[in-house]
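Thanks for coming, everyone. I'll keep this brisk. Let's look at the model together.

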Amino acid sequence: TVEKDVSGVDLNCGCPKKFSVSGGMGAALMSNPDRLCAILEKLVQGLDVPVTCKIRVFDDVEQTLQLVRRIAATGISALTVHCRTKVMRPNEKALWHRLGAIVKELPDLPVILNGDIFEHGDVQRARDKTGATSVMTARGAAANPSIFRAQGKLSAMDTAVALTKLAVQTSNVFLNTKYILLQMHPETKSRSFEILNKSRRYKEMCEAMGLAEYYEREGVYLIHERSEPAKSKNKPGKGPLATAEGANKRKLDEQDKISGQDAAAAAASEQSGEAEADAKLGGDQKPGSGSETKAAASADIAEIADIADAPAAKRLKA
């Protein structure tokens with residue numbers, strides 16, 4: 001079961017996206033507290049791992065406090081509060097001042113602040129200002145994971161390059177890595193961002209991140225084929241995924257095929273000549289033996305040619 005593979009289960013009642021709300025999920029559950037609490041009670045009673053919940057705040061303070069009291073009574077282990085209302089967008093400043101009343105209302109339950117955590121220093125600042133037990137961050141960490149460094153953030157690009165190397169070393173799923181890097185890249189108008197955005201393979205991604213040599217030296221041996229998108233069914237050099245590398249590969253493959261056919265034909269011709277010479281020199285052979293020798297030589301020719309290419313065998317027999 002999923003329970004064996006996770007450290008806890010969180011019910012997210014804070015997502016304001018249309019696909020979530022229209023299905024009665026996410027922030028829509030805040031408007032249906034009976035269902036919300038019934039879900040939490042089932043989870044708490046049926047699981048041995050901690051169950052937590054995340055909500056937003058209502059415009060009305062008392063309505064928010066009523067909801068958190070009911071949620072806490074279900075037996076959850078912690079409550080995360082995104083300090084914005086359902087209609088507020090990320091560019092609007094989070095309402096940290098609303099969290100203090102919730103913390104006082106739930107003295108025995110860990111309360112986690114979410115919203116506008118972009119620096120390591122924001123963690124302690126949030127605790128001091130609101131009384132929150134801890135914090136949760138999304139955009140801040142997605143833009144630069146080094147926000148968790150007590151010594152301060154690293155540059156976004158340096159962090160993105162380091163993450164790309166780590167993804168290659170672990171053969172992380174390509175599309176997952178690409179999504180993360182697009183959130184982290186600090187220069188969305190740059191040529192490297194354009195190449196990254198169009199990349200279809202780790203090789204192209206590494207080129208965009210200035211790691212072309214690293215990929216050729218190490219990455220090409222580390223990436224598992226299952227980590228990258230399914231390859232096109234088109235022949236190399238054809239179709240929407242055509243590249244110069246693909247065109248060159250196709251050309252080399254065709255040259256190898258032609259070389260193989262020529263080699264087979266030469267070997268067959270040589271063996272045929274030897275067989276005819278043996279037939280002429282063998283004056284004491286019995287009647288019909290020359291025909292048998294030629295038949296055997298012909299069979300050898302067909303066998304050699306067939307190894308290289310079936311059409312070549314047909315031509316040689318003729």
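One definition before we start: buried means under 20% relative accessible area, exposed means over 50%, and partly exposed is in between. Keep in mind that this is a predicted model.

Take Glu218. Its relative accessible area is 34%, so Glu218 is partly exposed. Its side chain meets that of Arg217 in a salt bridge, 3.5 Å from N to O. Elsewhere, salt bridges with shared partners join Glu62, Arg69 and Glu105 into one network.

How many salt bridges does the count come to? It comes to 11.

Here is another one. Glu119 pairs with Lys153 at 3.3 Å, N to O. Glu119 sits in the loop between strand E4 and helix H5, and Lys153 in the loop between helices H6 and H7, so the pair ties together parts 34 residues apart in sequence. Glu119 is partly exposed at 38%. Lys153 is partly exposed too, at 40%.

Now helix H5. Arg125 and Asp122 both lie there, 3 residues apart, about one turn of the helix. They form a salt bridge, with the closest N and O atoms 3.1 Å apart. Arg125 is partly exposed, at 43%.

On to the surface. Val220, Tyr221 and Leu222 form a nonpolar patch there, with about 320 Å² of accessible area together. Val220 belongs to helix H11 and is partly exposed at 39%.

Last, the second largest pocket. Its volume is about 440 Å³. It is lined by 22 residues: 8 nonpolar, 7 polar and 7 charged. Among those nearest its centre are Arg56 and His82.

Conventions. Residues are numbered from 1 along each chain as its sequence is written. This is a predicted model: local features need pLDDT of at least 70, side-chain atom pairs count only at pLDDT 80 or more; totals for chains, interfaces and linings use all residues. Side-chain values use heavy atoms; hydrogens and water are left out. On a 1 Å grid over the protein atoms alone, a cavity is a set of points where a 1.4 Å probe fits but cannot get out, and a pocket is an open set with protein on both sides within 12 Å along at least five of seven lines; lining residues have an atom within 4 Å of a point. Grid points are joined across faces, edges and corners, and a volume is the space filled by probe spheres set on the points. Ala, Val, Leu, Ile, Met, Phe, Trp, Tyr, Cys and Pro count as nonpolar, Asp, Glu, Lys and Arg as charged, and the others, Gly among them, as polar. Patches are made of residues with over 30% relative accessible area and no salt bridge: like charges are joined within 9 Å, nonpolar side chains (Val, Leu, Ile, Met, Phe, Trp, Tyr) within 5 Å. Accessible areas come from the Shrake-Rupley method with a 1.4 Å probe; for residues, only the protein chains shown count as cover. A salt bridge is a side-chain nitrogen of Lys or Arg within 4 Å of a carboxyl oxygen of Asp or Glu. Helices (H or I, at least four residues) and strands (E, at least two) are DSSP runs, numbered from the N terminus. Buried means under 20% relative accessible area, exposed over 50%, partly exposed in between (1.4 Å probe, protein chains only).
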